[in-house]
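Hello,

Here is the structure I promised to pass on to you. Have a look at it first, and then read on for a short tour of what turned up.

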Amino acid sequence: MVSGVDMRTVYFSDTTLRDGEQMPGASLNIEQKVRIARSVVEAGVASLDAGFPACAQTEIAAIQRITSELPATSVSALARTLPQDIDKAFEALANSRPDKRSVSLFIGTSPLHRTHKLRLSVGELIRVVRESIEYARQKFPLVAFSPEDASRTEPEVLCQVYTEAIDAGARVIGFPDTVGVLMPKTVRTMLKMIQDNVPNFDKSIVAGHFHNDLGLATANALAALEEGVPILQCTVNGIGERAGNTAFEEVALALALHGQEMGIQSPIDTTKLWELSQLVSELTGIPLPANKAVCGGNVFATEAGIHQDGILKHPGTYLPYRSELTGAPSVRLVIGKHSGRSAVSERLKSLNIAMEGEDLDRVMEIAKTAPKEAWVDDAALLSSAVAVVRAGL
Ligand code: MN
């Protein structure tokens with residue numbers, strides 16, 4: 001067990017408004033972006049990756065609104081390694097507090113990106129990286145650089161690019177698993193390799209960025225944190241390109257439950273997670289699967305009789321943590337085919353009906369024959385109880 005003094009604090013950078021919004025169908029207007037930004041900050045996130053100014057004038061307007069409403073929050077704008085992109089990022093952030101603004105430059109570094117997308121040799125790519133960082137430094141006190149598709153970049157090229165980027169003045173270097181192919185073990189190996197082979201590594205700090213194509217974005221993010229990565233980029237509900245990004249609420253909850261043993265402290269107020277998740281789902285119009293980890297609708301619902309009976313005797317029997325931890329609604333005992341007597345009797349009690357013995361059995365029989373697609377709600381249960389009582393009169 002690590003004592004409190006040795007704990008490192010993880011620094012969350014939220015990219016719901018940038019990478020998250022790149023999810024097909026997730027477009028947000030300025031008002032909605034501001035609401036999400038505010039809620040994310042209220043939950044304890046210190047930095048926002050708030051948009052890609054070069055792609056639309058509305059991105060610039062949104063970033064300007066966010067920085068004027070949240071002046072104490074660090075806000076970063078994304079830019080390709082092009083002067084015109086950096087200028088647009090500056091336009092978006094020109095009125096923000098200088099100590100709170102930064103630009104995040106990116107360029108693809110993997111062979112696929114170099115050969116097919118950029119048509120650049122490694123030497124040419126490095127020149128572009130250096131020149132763009134030097135240009136950005138004239139306008140921004142903090143420049144971040146991210147080698148897109150880092151996870152599929154040859155180790156020697158990746159380390160060379162990082163070395164040059166840091167030398168040119170990048171103080172944050174991104175480690176993006178752009179297409180979500182890494183495993184927790186390879187995350188660790190790559191991070192160790194980078195640390196050992198980038199001579200000026202200690203002049204920068206690393207920001208991890210993972211995608212969920214293999215369902216491993218959270219596991220990979222936690223592996224990176226354990227490997228010493230201080231900044232983690234996440235999106236609320238894991239929204240993002242393809243299978244999405246690392247889900248903020250999943251990492252925040254994992255750290256609330258396991259941070260102590262990992263030696264990592266989280267600044268996140270987990271009691272805000274449920275509400276934040278609902279807000280992002282509502283504003284983006286992207287519903288959460290019922291079984292989604294942490295904020296899915298079924299996380300505190302159970303229909304199985306054995307589980308219901310256990311939970312009624314002690315909630316800990318079939319729940320990993322209490323709903324209060326994430327601000328979720330309390331346990332919901334769904335009455336259905338798999339339910340048992342204790343849940344049905346408990347629900348009847350909540351409706352002020354005390355029933356036992358054969359009467360309870362008959363209510364259960366009626367309840368269990370309810371249409372499969374509809375859980376038995378209170379009204380249905382009540383009418384079953386009334387039918388039983390009437391039949392007995
Ligand atoms: Mn991404």
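Before we start, one term: a residue is called buried when its relative accessible area is under 20%. Please also keep in mind that this is a predicted model.

**The strands in the middle of the tour**

Let's begin with strand β6, which spans residues 142-148. Six of its seven residues are buried, so by the under 20% cut-off this strand is mostly covered. Which strands pair with β6? One is β5 (residues 101-108), which runs parallel to β6 and is joined to it over seven bridges. Here Ser 102 stands opposite Leu 142. Another is β7 (residues 172-177), also paired with β6 in the parallel sense, over two bridges. In that pairing Phe 145 faces Ile 173 of β7. To get from β6 to β7, the chain passes through helix α6 (residues 155-168), and this β-α-β crossover is right-handed.

The loop between β6 and α6 holds Asp 149. Its phi is near 65°, which is a positive value in a residue other than glycine. For comparison, most residues other than glycine have a negative phi. Asp 149 has a relative accessibility of 0%, so it counts as buried.

A second residue of this kind is Arg 242, with phi near 50°, again positive and again not a glycine. You will find Arg 242 in the loop between β9 and α9 (248-262). Is Arg 242 buried or partly exposed? With a relative accessible area of 46%, Arg 242 is partly exposed.

**Around strand β2**

Strand β2 pairs in the parallel sense with β9 (residues 231-234), over four bridges. Tyr 11 has Ile 231 of β9 as its bridge partner. β2 also pairs with β3 (residues 47-51), in the parallel sense and over two bridges. Together with helix α1, β2 and β3 make a right-handed β-α-β unit.

Val 198 lies in the loop between α7 (184-197) and β8. This valine is buried, with a relative accessible area of 2%. Its C-alpha atom is 37 Å from that of Ala 62, and the two residues are 136 apart along the chain.

**Pockets and a cavity**

How much space lies in the largest pocket? There is about 750 Å³ of space in it. This pocket is lined by 38 residues, and the closest to its centre are Arg 18, Asp 49, Leu 78, Ser 104 and Gln 233. The elements giving two or more residues to this lining are β2, β3, β4 (74-80), β5, β6, β7, β8 and β9. By class, its lining has 16 nonpolar, 13 polar and nine charged residues.

The second largest pocket has a volume of about 260 Å³. Its lining is made of 22 residues, with Asn 237, Gly 238, Ile 239, Ala 243 and Lys 292 nearest the centre. Here α8 (217-226) and α10 (273-284) are the elements that give two or more residues, and α10 has the largest share, with three. The classes are ten nonpolar, nine polar and three charged residues.

Finally, the structure holds one cavity of 30 Å³ or more, and the largest cavity has a volume of about 30 Å³. It is lined by Thr 67, Leu 70, Pro 71, Thr 73, Val 75, Ser 96, Arg 97 and Lys 100. That lining has three nonpolar, three polar and two charged residues.

Enjoy exploring it!

Best wishes

Key:
Residues numbered from 1 in each chain as written. Predicted model: local features only at pLDDT ≥ 70, side-chain atom pairs only at ≥ 80, totals over all residues. Heavy atoms only, no water. 1 Å grid on protein atoms, 1.4 Å probe; cavity = no way out; pocket = protein on both sides within 12 Å on 5 of 7 lines; lining within 4 Å. Points joined across faces, edges and corners; volume = space filled by probe spheres on them. Nonpolar A, V, L, I, M, F, W, Y, C, P; charged D, E, K, R; others polar. Buried < 20%, exposed > 50% of the residue type's maximum accessible area, 1.4 Å probe, protein only. Pairing = 2+ DSSP bridges. Right-handed = clockwise from strand over helix to strand, strands pointing away.
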